[in-house]
Amino acid sequence: MKIFVVGGAGYIGSVCAELLLNEGHEVAIFDNLSEGHRGAVDLRTHFIEGELADRGEIEAAISNHRPDAVMHFAANALVGESMQNPSKYFRNNICNGLNLLDAMVAAGIPRIVFSSTCAIFGPPDGVPIDETAPTRPINPYGESKLAFEKILRWYDEIHGVKFVCLRYFNAAGASEKFGEDHRPETHLIPAVLQAALGERPNVEIYGTDYDTPDGTCIRDYIHILDLAQAHILALGAANSGCYNLGTGGGSSVREVIESCRTITGLTINAIEKPRRPGDPPRLIASSDKIKKDLGWQPQFQSLDAIVESAWRWHQKFPRGYED
Ligand SMILES: NC(=O)c1ccc[n+]([C@@H]2O[C@H](COP(=O)([O-])OP(=O)(O)OC[C@H]3O[C@@H](n4cnc5c(N)ncnc54)[C@H](O)[C@@H]3O)[C@@H](O)[C@H]2O)c1
C-alpha cells in the first residue's frame with residue numbers, strides 16, 4: 001500500500017514508517033520538523049517538509065501522492081504546556097488536523113489511522129481501562145484528542161473516511177534505527193537513561209505516597225514496535241473504531257528506575273518530589289478489543305526488554321539525533 005505518514009519524523013511515526021517500509025509498503029512522510037528530526041526520517045521514504053496549518057501545502061501533498069491511507073501522528077503532546085497554552089493545542093491538534101481530513105476528502109483518500117491517547121479518559125474509576133470507560137479529560141491535550149476522535153466519526157458518517165483511533169498508553173523503547181528524542185524530554189524511560197548517561201544530573205520522582213505497592217505512580221509501557229504493528233493491523237480493519245493500546249501490565253516509577261539501573265549497570269540519582277496535580281496513581285490499558293478484532297499480540301511483555309531496546313539506542317546516540 002501507499003501510506004502517507006503525517007508526523008513521521010517524530011518518535012512513534014519514525015518507527016511506524018520503518019516497519020511499513022520493512023513490510024514492503026511505499027511511504028511518504030509529511031512533517032514540519034517542529035518537534036521531529038531529519039535524522040529520524042528513513043532514507044527509503046519520500047520526505048515532504050510541510051506544515052499542516054497550511055491548507056494548500058497539505059492538499060497539494062495529498063493530491064500529488066494519492067495514498068491508500070494516512071497515518072496521523074502530528075500533534076503537540078505536552079500535558080503541562082497544554083495547561084499554559086491551550087490555544088496551541090486546540091489549533092494544532094484539531095484545526096490543523098481538519099486541514100488533513102479535508103485534503104483527504106478532496107482527494108478521495110478512504111482511510112486514516114489516528115494517534116490518540118489515554119489522556120482522553122482522565123482519572124479512571126478503575127483499571128484496566130477499556131473502551132467503555134468514561135472520557136473525562138483533565139487537560140487541553142486530552143480534550144483536543146477526544147475532540148478529534150469525535151470529528152473522525154462524523155467524517156466517516158458524512159464523507160465515508162474510515163478511521164481507526166489508537167489510544168496509546170506509554171510508548172517506550174526503540175528499534176535498532178530510531179528512538180525517543182523529545183525536546184524537552186518529559187517521558188520517564190528516556191529521562192532515566194539520560195541520567196544514566198550523565199546528560200541530566202538526576203531523575204525526579206513525583207509523589208511517593210500514592211496508594212500503590214511502592215508509593216509511586218504505575219503506568220502501562222508498550223514497546224514502540226508492538227505499537228507500530230498495531231498500526232499495520234489497523235490498515236486492514238474492516239470497520240472504523242477506537243482501541244486502547246497497552247500491555248495490560250503496569251510498572252511503577254521506582255520499578256522503571258530500578259530496571260534502568262540493572263540494565264545500564266550505572267548509577268542513577270533519583271530525587272523525590274511532591275505529587276504533580278492531575279497524575280492518577282494507576283493507568284493501565286485493557287487491550288482485549290484490539291486483540292479480538294484485529295488479532296494484535298504484543299511481543300514485548302517485560303519492562304526490562306523495553307528498557308534494553310531503549311538503552312541500546314541511547315548508547316548509540318547519547319545526545320539523540322544531535323549525534
Ligand atoms: N509518546 C507517547 O507516549 C504518546 C502517548 C500517547 C499518544 N501519543 C501521540 O502520538 C503521536 C506521536 O507522538 P510522538 O511521541 O511520536 O511525538 P513527536 O513530537 O515525536 O512527533 C510528532 C511529529 O509531528 C510533527 N508535527 C507536529 N505538528 C505538526 C504540523 N503542524 N505540521 C507538520 N508536522 C507536525 C512534529 O515535528 C513531530 O515530528 C502524537 O499525536 C501524540 O499525541 C504519544
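A cavity, on a 1 Å grid over the protein atoms alone, is a set of points where a 1.4 Å probe fits but cannot get out. Grid points are joined across faces, edges and corners, and a volume is the space filled by probe spheres set on the points. By this rule the count is one cavity of 30 Å³ or more.

Before you start: this is a predicted model, where local features need pLDDT of at least 70, side-chain atom pairs count only at pLDDT 80 or more, and totals for chains, interfaces and linings use all residues. Residues are numbered from 1 along each chain as its sequence is written, and side-chain values use heavy atoms, with hydrogens and water left out.

**Stop 1: the cavity**

Select Tyr-11, Gly-173, Ala-174, Gly-179, Glu-180, Ile-189, Pro-190, Ala-310, Trp-313 and His-314. These residues line the largest cavity; a lining residue has an atom within 4 Å of a point. The volume of this cavity is about 40 Å³.

Now colour the lining by class. Ala, Val, Leu, Ile, Met, Phe, Trp, Tyr, Cys and Pro count as nonpolar, Asp, Glu, Lys and Arg as charged, and the others, Gly among them, as polar.

H10 gives the most, with three residues. Helices (H or I, at least four residues) and strands (E, at least two) are DSSP runs, numbered from the N terminus.

**Stop 2: H6 against H10**

Keep H6 and H10 on screen. They pack at an angle of about 55°, with their axes 10 Å apart. That makes H6 oblique to H10. Axes are lines fitted to C-alpha atoms, for helices over the stretch in contact, and angles run from 0 to 180 degrees between N-to-C directions. Angles under 35 degrees count as roughly parallel, over 145 as roughly antiparallel, 65 to 115 as roughly perpendicular and the rest as oblique.

The crossing of H6 and H10 is right-handed. A crossing is right-handed if the near helix is turned clockwise from the far one by less than a right angle, and left-handed if anticlockwise.

Show Ile-189, Pro-190, Leu-193 and Ala-196 in H6. They meet Leu-303, Ile-306, Val-307, Ala-310, Trp-311 and His-314 in H10. Contact means heavy atoms within 4.5 Å. This contact has nine nonpolar, one polar and no charged residues.

**Stop 3: H6 against H8**

The crossing is right-handed. On the H6 side, pick Leu-188, Ile-189, Val-192, Leu-193 and Ala-196. On the H8 side, pick Val-253, Val-256, Ile-257, Cys-260 and Thr-264. By class, the contact of H6 with H8 holds nine nonpolar, one polar and no charged residues.

**Stop 4: a pocket**

A pocket is an open set of points with protein on both sides within 12 Å along at least five of seven lines. The second largest pocket has a volume of about 220 Å³. It is lined by 16 residues, and the closest to its centre are Asp-181, Arg-183, Gln-194, Glu-199 and Arg-319. Its lining divides into four nonpolar, four polar and eight charged.

**Stop 5**

Most residues other than glycine have a negative phi, and most peptide bonds are trans. Zoom in on Arg-183 and Pro-184: the bond between them is cis, with omega near 0°. Pro-184 sits in the loop between strand S7 (170–172) and H6.

Next, go to Val-127 and Pro-128. That peptide bond is also cis, with omega near -5°. Pro-128 lies in the loop between strand S5 (111–117) and helix H5 (140–159).

Where is Leu-33? Look in the loop between strand S2 (26–31) and strand S3 (46–49). Phi of Leu-33 is near 60°, a positive value.

**Stop 6: H4 and H5**

Finish with H4 (residues 86–107) and H5. Their axes come within 9 Å and cross at roughly 20°. H4 and H5 are therefore roughly parallel to each other. Their crossing is right-handed. Contact residues include Phe-90 and Leu-98 of H4, and Phe-148 and Ile-151 of H5. The contact of H4 with H5 divides into 14 nonpolar, four polar and three charged residues.
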